[in-house]
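Please look over the sequence and the 3D view before reading on.

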Amino acid sequence: MQSDLARAVRWRFYQGEPVTISNVTSARWLVEKLKEFEEDPEERERQAVDALVSTGPVENPWDRPIANLGGALGLPSDESRAFAEKLQAGNIVRIVDCKPSWTALDTQPLSPRLKEWVRCEEEG
């Protein structure tokens with residue numbers, strides 16, 4: 001139970017959630033929540049993709065989007081990057097150049113250096 005609890009505390013920490021273990025029941029609850037999360041790989045993938053895609057245009061697609069993915073999955077940055085690379089290699093998401101666009105409030109278009117993560121089925 002101790003190693004499971006350590007993993008669960010780490011998971012919550014990287015999600016940015018406060019962790020308070022006041023008794024055995026709260027410790028068991030936290031471990032159970034982590035196990036539920038880990039037992040649904042499709043949900044983990046969906047959350048990871050949503051975190052990457054929802055970040056929007058950025059200059060460095062390996063910075064803020066990876067931090068968002070880490071928060072969603074409760075992973076440190078190196079593991080978040082590896083997860084994103086796995087999604088990219090599996091043709092689930094990809095990084096694309098943002099097309100310059102204008103809105104009524106813009107004084108100039110988006111920088112052509114901006115990139116964003118998209119779902120592969122959206123690209124095309």
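## A residue in a strand and its surroundings

In this predicted model, Arg 119 has its place in strand β2, which covers residues 115-119. The side chain of Arg 119 makes a polar contact with the side chain of Asp 50, at 2.2 Å. Leaving aside residues up to four places away in sequence, Arg 119 touches Val 49, Asp 50, Val 53, Ile 92 and Val 93.

## How the helices pack

| Helix pair | Axis distance | Angle |
|---|---|---|
| α1 and α2 (residues 24-38) | within 9 Å | roughly 70° |
| α3 (residues 41-54) and α5 (residues 77-89) | 11 Å | about 95° |

Because angles of 65 to 115 degrees count as roughly perpendicular, α1 is described as roughly perpendicular to α2, and α3 is likewise roughly perpendicular to α5.

Where α1 meets α2, the residues of α1 include Leu 5, Val 9 and Trp 11, while those of α2 include Trp 29, Leu 30 and Phe 37. By class, this contact of α1 with α2 has 10 nonpolar, no polar and six charged residues. Where α3 meets α5, Arg 44, Glu 45, Ala 48, Val 49 and Leu 52 in α3 come together with Phe 83, Ala 84 and Leu 87 in α5, and the residues of this contact divide into six nonpolar, no polar and two charged.

## A residue on helix α1

Phe 13 and Gly 71 are 58 residues apart in sequence, and their C-alpha atoms are 8.8 Å apart in space.

## The chain as a whole

The secondary structure of the protein chain comes to five helices and two strands, and read along the sequence these follow the pattern α-α-α-α-α-β-β. Of the 124 residues in the protein chain, 31% are buried. The accessible surface of the chain comes to about 8000 Å², and 50% of that surface belongs to carbon and sulfur atoms. Among contacts between residues at least 6 apart in sequence, 55% join residues at least 24 apart.

Definitions and conventions:
Residues are numbered from 1 along each chain as its sequence is written. This is a predicted model: local features need pLDDT of at least 70, side-chain atom pairs count only at pLDDT 80 or more; totals for chains, interfaces and linings use all residues. Side-chain values use heavy atoms; hydrogens and water are left out. Helices (H or I, at least four residues) and strands (E, at least two) are DSSP runs, numbered from the N terminus. A polar contact is a pair of N or O atoms within 3.5 Å; within protein, one must be able to donate a hydrogen and the other to accept it, and residues adjacent in sequence count only if both atoms are side-chain atoms. Contact means heavy atoms within 4.5 Å. Axes are lines fitted to C-alpha atoms, for helices over the stretch in contact, and angles run from 0 to 180 degrees between N-to-C directions. Angles under 35 degrees count as roughly parallel, over 145 as roughly antiparallel, 65 to 115 as roughly perpendicular and the rest as oblique. Ala, Val, Leu, Ile, Met, Phe, Trp, Tyr, Cys and Pro count as nonpolar, Asp, Glu, Lys and Arg as charged, and the others, Gly among them, as polar. Buried means under 20% relative accessible area, exposed over 50%, partly exposed in between (1.4 Å probe, protein chains only). Accessible areas come from the Shrake-Rupley method with a 1.4 Å probe; for residues, only the protein chains shown count as cover.
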